[in-house]
Amino acid sequence: MRIVLLGSTLETARILEGLIGGGHDVVGLVTQPPARRRRGGALEPTVAGRRAAERGVAVLESLPEDHAGADVAVVVAFGRRLPSSWLEGRRVLNVHYSLLP
């Protein structure tokens, strides 16, 4: 299955590893742009962005209009609102880490 993953966190990186390990074709990771993480420091990618680059997965900073050719999008701690126009007619799975019932 071709998957586009959306997220920036360590949890996103773990799910990326699980998807790749499960034999899925992760066609891209949409993540927040690199930011300065330390005072006076250089720009650093997100944890998920760094892991995706290490695994040879395309790192995107904006939503691809065509879902990057994926069959499904998996959203994990993305941190941005997804426009309804991007969600229409698409298969999207939201993985949410909440302790709420």
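These legends walk through several close-up views of a predicted model.

**View 1. The whole chain, as a starting point.**
Welcome to the overview, where the chain shows 3 helices and 7 strands. Read along the sequence, these elements come in the pattern β-α-β-β-β-α-β-β-α-β. The chain has a radius of gyration of 14 Å, close to the 13 Å that the globule rule gives for 101 residues, so it is as compact as a globular protein of that length. Its C-alpha atoms fill a box of roughly 45 × 30 × 30 Å along the principal axes. Of the 101 residues, 34% are buried.

**View 2. The open sheet of 5 strands.**
Here you can follow the strands in the order β5-β2-β1-β6-β7, paired in the parallel sense. Strands β5 and β7 (92–95) stand at the edges, and each has a single partner strand, so one side of each is left without a neighbour in the sheet.

**View 3. Strand β2 and its two partners.**
This view moves in on β2, which covers residues 25–30. Buried residues account for 5 of the 6 in β2, so the strand is largely enclosed by the rest of the structure. With strand β1 (residues 2–6), β2 forms a parallel pair over 5 bridges. Two places to look for in this pairing are R2, whose bridge partner in β2 is D25, and I3, whose bridge partner is V26. To get from β1 to β2 the chain passes through α1, and this β-α-β crossover is right-handed. With β5, strand β2 also runs parallel, joined by 2 bridges. There, V30 stands opposite L60 of β5.

Which residues of α2 are buried? In this helix, residues 47–54, they are A48, G49 and A52. Seen down the axis of α2, these buried residues fall within an arc of 100 degrees, so they line one face of the helix. What do they pack against? Their partners are α1 (10–21), β2 (25–30) and β5 (59–60). After the helix comes G56, a residue with a positive phi near 80 degrees.

**View 4. The largest nonpolar core.**
The largest nonpolar core holds 13 residues, and L5, L16, L19, L29 and V57 have the most contacts inside it. Two or more residues come from each of β1, α1, β2, α2 and β6 (72–76).

Now find V59, a residue of strand β5. Is V59 buried or partly exposed? With a relative accessibility of 37%, V59 counts as partly exposed. Not counting residues up to four places away in sequence, V59 touches L29, T31, G49, A52 and A53. One of these contacts, T31, is 28 residues from V59 in sequence, while their C-alpha atoms are 7.2 Å apart in space.

Most residues other than glycine have a negative phi. With that in mind, look at H67, which has a positive phi near 65 degrees and is not a glycine. H67 lies in the loop between β5 and β6. A68 is found in the loop between β5 and β6 too, and A68 has a positive phi of about 60 degrees although it is not a glycine. How do they stand towards the surroundings? H67 has a relative accessible area of 2% and is buried, whereas A68, at 21%, is partly exposed. The cut-off for buried is under 20% relative accessible area.

Conventions. Residues are numbered from 1 along each chain as its sequence is written. This is a predicted model: local features need pLDDT of at least 70, side-chain atom pairs count only at pLDDT 80 or more; totals for chains, interfaces and linings use all residues. Side-chain values use heavy atoms; hydrogens and water are left out. Buried means under 20% relative accessible area, exposed over 50%, partly exposed in between (1.4 Å probe, protein chains only). Helices (H or I, at least four residues) and strands (E, at least two) are DSSP runs, numbered from the N terminus. The arc is that of the directions from the helix axis to the C-beta atoms. Contact means heavy atoms within 4.5 Å. Two strands pair if DSSP finds at least two bridges between them. A crossover is right-handed if, with the strands pointing away from the viewer, the path from the first strand over the helix to the second runs clockwise. A nonpolar core is a set of buried Ala, Val, Leu, Ile, Met, Phe, Trp, Tyr and Cys residues joined through side-chain atoms within 4.5 Å. The radius of gyration is taken over C-alpha atoms; the globule rule is 2.2 Å times the number of residues to the power 0.38.
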